[in-house]
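Hi there,

Here is the structure I promised to pass on. Have a look at it first, and my notes follow below.

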Amino acid sequence: MKLCRYGMREWLGSGLMALALGAIWLLVLLKFNAGVGAALLVLTGLAWLALAAFFRVPVRVIAAEDSALVAPADGVVRDIEVVTDHGIGLFEGQELLRIGIFLSVLDVHVNRAPCLFAVEYKQYKEGRFLDARNPRCAKENESLVIAGTGRACGKEFPVAVRQVSGAIARRIVCEADRGQTLEKGVIYGMIKFGSRTELYLPNEPWISAAVAVGDKVRSGSTIIARIKL
């Protein structure tokens, strides 16, 4: 299992702690109570595996079709709607199609670029930590958005991805910055421990969502929108 470097502090630190506890439980097993020591060893190992699994990065085959935009996150599609009050300064006043994805603690939490993406805007906003399923979380929670110009099928178009903290998630990681160009499917950040990710696209007849509310999506491999040729 490959682990994300963004979580090295968590999975490596907890791994060292698990090893130290394991040594103590082994002593308990050998010297005092074999049953209790064995149970504690197993529980400690399972606890570390559960935490480490949150930072897993499975191998994904990135959808190669030039007309296909890929999901920026794993999770379940919660909403698909046209919005104007998106709060993205670069696209102020523009009508955008928003696709919202809810990530549970069981999902892979890395974020990927939905297409070839020239980053021109990055904005962090402090906020609350409402449950990511709460419809108010998109506007009120801590969030970070990158926006710029997407390129696919010879077209250039506005694109943005917003990382939104949830009730458990308390840290947004985003390495992408202004002036960078991200390849489709490349990992650029993650949200730690349950969250929401939003994809913003132009509300135009030549581009449309390829998913429906309730669909399960996987970052990089699920086609979330298509450009009509």
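Arg112 has Ile187 as its bridge partner in strand 10. Strand 4 and strand 10 run antiparallel and are joined by 3 bridges; strands here are DSSP runs of E of at least two residues, with helices being H or I runs of at least four, numbered from the N terminus. Strand 10 also pairs with strand 8 (residues 171-174), antiparallel over 4 bridges, where pairing requires at least two DSSP bridges between the strands. Of the 6 residues of strand 10 (residues 187-192), 5 are buried, so the strand is largely enclosed by the rest of the structure (buried is under 20% relative accessible area, exposed over 50%, partly exposed in between; 1.4 Å probe, protein chains only).

A word on provenance: this is a predicted model, in which local features need pLDDT of at least 70 and side-chain atom pairs pLDDT 80 or more, while totals for chains, interfaces and linings use all residues. Residues are numbered from 1 along each chain as its sequence is written, and side-chain values use heavy atoms, leaving out hydrogens and water.

Asp107 sits in the loop between strand 3 (96-103) and strand 4 (110-112) and is buried, at 8% relative accessible area. Its side chain reaches the backbone nitrogen of Ser104 at 2.9 Å. Beyond neighbours within four places in sequence, Asp107 is in contact (heavy atoms within 4.5 Å) with residues including Gly75 and Lys216. Gly75 in turn stands opposite Val217 in strand 13.

Best wishes

Methods:
Polar contact = N/O pair within 3.5 Å; in protein donor to acceptor, adjacent residues only side chain to side chain.
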